[in-house]
Amino acid sequence: MLIENYTNGLLGRLIYYFDHNEETLLTLLFNTFKVSKIRKNGFVKRSIIKDEKSIKEKIERYRYKNLPNYILSQDRFNYLKKTIELLRKKGDVYIVRLPVIQEIKVIEDQLIENFDKKIEDLCDNKNIEYFNFINYSNDFKYSDGNHLEYNSAKKISEIIALKIKDHRQ
């Protein structure tokens, strides 16, 4: 899913309308949070109206609600292993960790201690590649803290494609 950023308010909605002209202006004026369109090929393009207040609220929610109440689920980790095996029957498998804003990265690091090491060990054990972009937070722009804006999503997709291409050679 690729995400574009538009400023909040009437001006942002008008800019979106004239950039895309996919919805009626009236629909866009009353849609204050997002506009989604599913294309025939399954691609979902969401345009989120960036709101610094909601980003701060999300960080606070992650820090004070998620962090104290979540632990690594061994069931989910086992299903990840099973998913890798299932996908391997169809072709090459890669694990990718996308970047997030620095504040969320800090929370993620506290949430699951040694997360990257666990994934690296899993990938070594399964003989698959792990493309970890978590330390490149400042190279990208985000719509809500952990979703990339449209151009950043295109950029990281191109980087991942090149890494896969290099790996296959």
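Reply: Happy to. Please keep in mind that this is a predicted model, and that every value below is computed from it.

Let's start with Asn114, which sits in the loop between α5 and α6. Most residues other than glycine have a negative phi. Asn114 has a positive phi of about 60 degrees although it is not a glycine. With a relative accessibility of 48%, Asn114 is classed as partly exposed, because the exposed class begins over 50%.

Moving along, helix α6 covers residues 115–126, and Lys126 belongs to this helix. Is Lys126 buried or exposed? Lys126 is buried, as its relative accessible area is 17% and the limit for that class is under 20%. Leaving aside residues up to four places away in sequence, Lys126 touches Lys81, Ile84, Glu85 and Arg88.

Two of those neighbours deserve a second look. Glu85 and Arg88 form a salt bridge, with their closest N and O atoms 3.4 Å apart. Both are in helix α4, and because they are three residues apart there, about one helical turn separates them. Glu85 is partly exposed at 32% relative accessible area, and Arg88 is also partly exposed, at 32%. Salt bridges with shared partners link Glu85, Arg88 and Lys126 into one network.

Asn127 is exposed, with a relative accessible area of 66%.

Next is Glu129, in strand β5, which spans residues 129–132. Glu129 is partly exposed at 31% relative accessibility. Which residues does Glu129 touch, not counting those up to four places away in sequence? They are Val93, Tyr94, Ile95, Cys123 and His167. Val96 is 33 residues from Glu129 along the chain, yet their C-alpha atoms are separated by 8.5 Å.

Now for the largest pocket, whose volume is about 920 Å³. Helix α6 is among the elements that supply at least two residues each to the pocket lining, and so are α4, α5 and β4. The lining has 31 residues, and those nearest the pocket centre are Arg97, Val100, Glu108, Ile112 and Phe115. By class, 24 of the lining residues are nonpolar, four are polar and three are charged.

Finally, back to charged pairs. Side chains of opposite charge can pair when their charged atoms come close. The structure holds nine salt bridges. One of them joins the side chains of Lys58 and Asp144, at 2.9 Å from N to O. Lys58 lies in helix α3 and Asp144 in the loop between β5 and α7, so this pair ties together parts that are 86 residues apart in sequence. Lys58 is buried at 11% relative accessibility, and Asp144 is buried at 15%.

Another salt bridge, between Arg63 and Glu60, has its closest N and O atoms 3.1 Å apart. These two are three residues apart in helix α3, so about one helical turn separates them. Arg63 is partly exposed, at 28%, and Glu60 is partly exposed, at 36%.

How values were computed
Residues numbered from 1 in each chain as written. Predicted model: local features only at pLDDT ≥ 70, side-chain atom pairs only at ≥ 80, totals over all residues. Heavy atoms only, no water. 1 Å grid on protein atoms, 1.4 Å probe; cavity = no way out; pocket = protein on both sides within 12 Å on 5 of 7 lines; lining within 4 Å. Points joined across faces, edges and corners; volume = space filled by probe spheres on them. Helix = DSSP H or I, 4+ residues; strand = E, 2+ residues; numbered from the N terminus. Nonpolar A, V, L, I, M, F, W, Y, C, P; charged D, E, K, R; others polar. Buried < 20%, exposed > 50% of the residue type's maximum accessible area, 1.4 Å probe, protein only. Contact = heavy atoms within 4.5 Å. Salt bridge = Lys/Arg side-chain N within 4 Å of Asp/Glu carboxyl O.
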